[in-house]
Amino acid sequence: MAFRASPTSHNPNNDFEVSQPPTDGVSSLSFSPRANLLVATSWDNQVRCWDVQQNGQAIPKASQTHQAPVLCSAWHGDGSKIFSGGCDNQAKMWDLHSNQQQQVAAHDAPIRRMAYISELNMLVTGGWDRTLRYWDLRSPNAVHVHQLPERCYALSLNFPLLVVGTAERHIEIFNLQTAPQQVYKKLVSPLKYQTRCITAFPNRTGYLVGSIEGRVAVHHVEDPSDPKANFTFKCHRGDGNHIYSVNDITFHPTYGTFATVGSDGAYNFWDKDTKQRLKAMQAASQPIPCCCFNGDGSILAYAVSYDWSRGSSEHNPNTSQNYIMLHAVQENEVKSKPRKK
């Protein structure tokens, strides 16, 4: 895929711009596991879907509405349905074939994260009511409710590994194959500041944690034999004392390298195994709150929109636009290379 646009302050890397983006902050992006269908959730209460073409053009397909801002989404394993949750305390299922939406889950506070567990045919949701809930979509009641130590801020699934991060830097790890209702391990984040995102390794031996203090931790589920296997590194930092939040992390589906996005408006590609940055991209004029690769890793979708990381004083409604960009991934950006001596 080779598409380019002319550079602008929100698009310094000449990436392709998605048409008809959300009218308020973008909270999550997710590609279908079966096609180049991209879903975005946003603070304008909408769930939108685009069909991304080979030339990079994204055709608006359809949309659905919640009663309050939407914070997260997840795809059914077969790509036929989209789950979404947010500040109306509900999770909804959108059937793309019938274009019908129905409620499938509820919390006592906003739903911040979710994932569909294909192997168990269940939806798992994490909320600000300090609970993790498992749902059989045929039943209106949760199959199991797990009490979290604090509000759910981050969640990542790579079956059987489920990792959940909460307020106050708690992390809980679950093995969904052997004991989905029991915590396999509890720990405090290796990072000193608030957790913003968690992403499980492709091989399920560990996970990445991103924090508000421009830092990522590489951490393993089991204590590694090499004491240097668990480490942290700085990223998304500007000149001087400018430190920005790491808002999202996504692994490349082929190479096992990963991208981070931050409130500095930049996205970068990294290799945890050789402990190096593969490519640094130019920063946009606004933060990047979320990102995701498509199924074959040829596209990195990311949003450019204000994330309120600097409060209301930094928000200008006249200039604060919302964008969704598509980056045509080059092999030399994501393929591991020998570390420079």
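Reader: Which residues does methionine 93 touch, not counting residues up to four places away in sequence?

Author: Contact means heavy atoms within 4.5 Å. By that rule, methionine 93 touches Lys81, Ile82, Phe83, Gln100, Gln101, Gln102, Val104 and Leu137. One caution: this is a predicted model, where local features need pLDDT of at least 70, side-chain atom pairs count only at pLDDT 80 or more, and totals for chains, interfaces and linings use all residues. Residues are numbered from 1 along each chain as its sequence is written, and side-chain values use heavy atoms, with hydrogens and water left out.

Reader: Is methionine 93 buried or exposed?

Author: Buried means under 20% relative accessible area, exposed over 50%, partly exposed in between (1.4 Å probe, protein chains only). Methionine 93 has 10% relative accessibility, so it counts as buried.

Reader: Where is methionine 93 found?

Author: In strand 8, residues 90-95. Strands are DSSP runs of E, at least two residues, numbered from the N terminus.

Reader: How do strands of a sheet pair?

Author: Through backbone hydrogen bonds, either parallel or antiparallel. Two strands pair if DSSP finds at least two bridges between them. Here, 4 strands form an open antiparallel sheet in the order 18-19-20-21.

Reader: Which strands stand at the edges?

Author: Strand 18 (195-200) and strand 21 (231-234). Each has a single partner strand, so one side of each lacks a neighbour in the sheet.

Reader: Over how many bridges do strand 20 and strand 21 pair?

Author: Over 4, in the antiparallel sense. Arginine 215 has lysine 234 in strand 21 as its bridge partner.
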